[in-house]
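Here's a quick tour of how the inside of this protein is packed. Have the structure open as you read.

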Amino acid sequence: MSPSPSSASGSAPRFAVVGNPGNRRVTLFQDAVRAAGLPAARVVPWLDVLRGRAAFRPGETVRMDSPGEDAEVEGVLRAVDDPTRVEGSALWYARFTGAVQEVARAASAAGAELLDDPDDVAVLFDKRLCHAVLDGAGVPVPASATSGAEAPPVRGWADVRALMAAHRMPRAFVKLAHGSSASGVLAVETAGPGRVRATTSVERDAAGRLFNSLRVRHCTTEGEVAAVIDALAPDGLHIERWLPKASQRGRSADLRVVVVAGRATHAVVRTSRSPMTNLHLGGERGSLDEARAAVEAAGGSWSDALAVCERAAACFPDTLCVAVDLLPATGWRRFAVGEVNAFGDLLPRLTGLPGSGAEGLDTYAAQVAAVLNRARNHRATATV
């Protein structure tokens, strides 16, 4: 997958990236483009897209990146004046998927090539739809009470409690259908009438408003849990069985695996003392070598674990890169897919897995290399 210096010939791709100018994601992608010997990518700001000013050029290869980490963009998408607010994810989804469709329309009109399929993006940002797609393809996923477009509506805590009981889920993750980065996630445990506990990073102020926090906290009464879930429910909720995770050095562990052009290229172990392993919530990077050894010692196969991620990515064949959250069961022998992320490739300084074809490349360089390789293959086919 490594690009060669000759890749920067006149027929090599010319990139445009839809993102927030100056954002670290855009900067890292620009670094990868330049390292491949290509001209800098032309940046198309998300604000321009949202204001109807998206414009592309014939022959450009267009990559979309996350609209996050920009207060003005967040304000337009969610109609909030504080980017730490949790509410508004349903509006965010409607406006963001509309913006993605506008990018696709403008790219098609200009004769540009899009690396992210708008229909894929719409599914990836709806956990209920994504779960159903994965499950339908035979990808192992946690059992869910809300999978698919025909799932029953979840109007609040009473519905959550009833669905957990009906599906025999004493422990479940309750997630915003359109959330990301653990926003609005609660790990809920029940143990009989009135005995409810939840772990979450959501904080609720005296006025009932919800805010994301970098501190994981515990809700220890049913009333407290109900108040948070009732406030989240209007934006749509997804419920999944809470699977016991494997551990590494006494901490819960899972993996973020990046899949580029159908191949698992990068992986990182995330460990935490809480059910949420997100690095921004205090999770830490674990040892990939130890995880691989644990899989093999349990009689499992590391290549099979990566193959699960590749099967999940294959559900979105028209999107170049996705990141899969892989959940190892206790004992490291079995795996399930917890999430598939459209923009989960922000893993600075992480280089490719041995045998992946992305050795020595970070996640962005691997994507640039995949596009260059595809362009070379197209040219070779055209000359046959």
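Which residue lies over the face of Phe-29? That's Arg-63, at 4.8 Å from the ring centre. Keep in mind that this is a predicted model.

**Nonpolar cores**
- The largest nonpolar core has 60 residues, and the members touching the most others are Val-18, Trp-46, Phe-56, Phe-96, Leu-134, Val-337 and Val-340.
- Helix α4 (residues 89–110) gives this core its largest share, with nine residues.
- There's also a second, separate core of 30 residues, with Ala-36, Val-258, Cys-321 and Leu-346 among them.
- Leaving aside residues up to four places away in sequence, Val-337 has contacts including Leu-134, Val-139, Val-308 and Leu-326.

**Aromatic pairs**
- The count of aromatic pairs comes to eight.
- Trp-46 and Phe-96 make a tilted pair, since their ring centres are 5.4 Å apart and their planes sit at 55°.
- Trp-46 is in helix α2 (residues 46–50) and Phe-96 in helix α4, so this pair ties together parts 50 residues apart in sequence.
- Trp-46 is buried at 1% relative accessibility, and Phe-96 is buried with a relative accessible area of 1%.
- Ring pairs also join Trp-46, Trp-92, Phe-96, Phe-125 and Phe-343 into a cluster.

**Around Phe-173**
- Phe-173 forms a tilted pair with Trp-242, at 5.3 Å centre to centre and 55° between the planes.
- Phe-173 belongs to strand β5 (residues 171–176) and Trp-242 to the loop between β9 and β10, so the pair ties together parts 69 residues apart in sequence.
- Both Phe-173 and Trp-242 are buried.
- Lys-175 lies over the face of Phe-173, at 6.0 Å from the ring centre.

Technical notes:
Residues numbered from 1 in each chain as written. Predicted model: local features only at pLDDT ≥ 70, side-chain atom pairs only at ≥ 80, totals over all residues. Heavy atoms only, no water. Core = buried A, V, L, I, M, F, W, Y, C linked by side-chain atoms within 4.5 Å. Buried < 20%, exposed > 50% of the residue type's maximum accessible area, 1.4 Å probe, protein only. Helix = DSSP H or I, 4+ residues; strand = E, 2+ residues; numbered from the N terminus. Contact = heavy atoms within 4.5 Å. Phe/Tyr/Trp six-rings, centres within 6.5 Å; stacked < 30°, edge-to-face > 60°. Lys NZ or Arg CZ within 6 Å of the ring centre and 35° of its normal.
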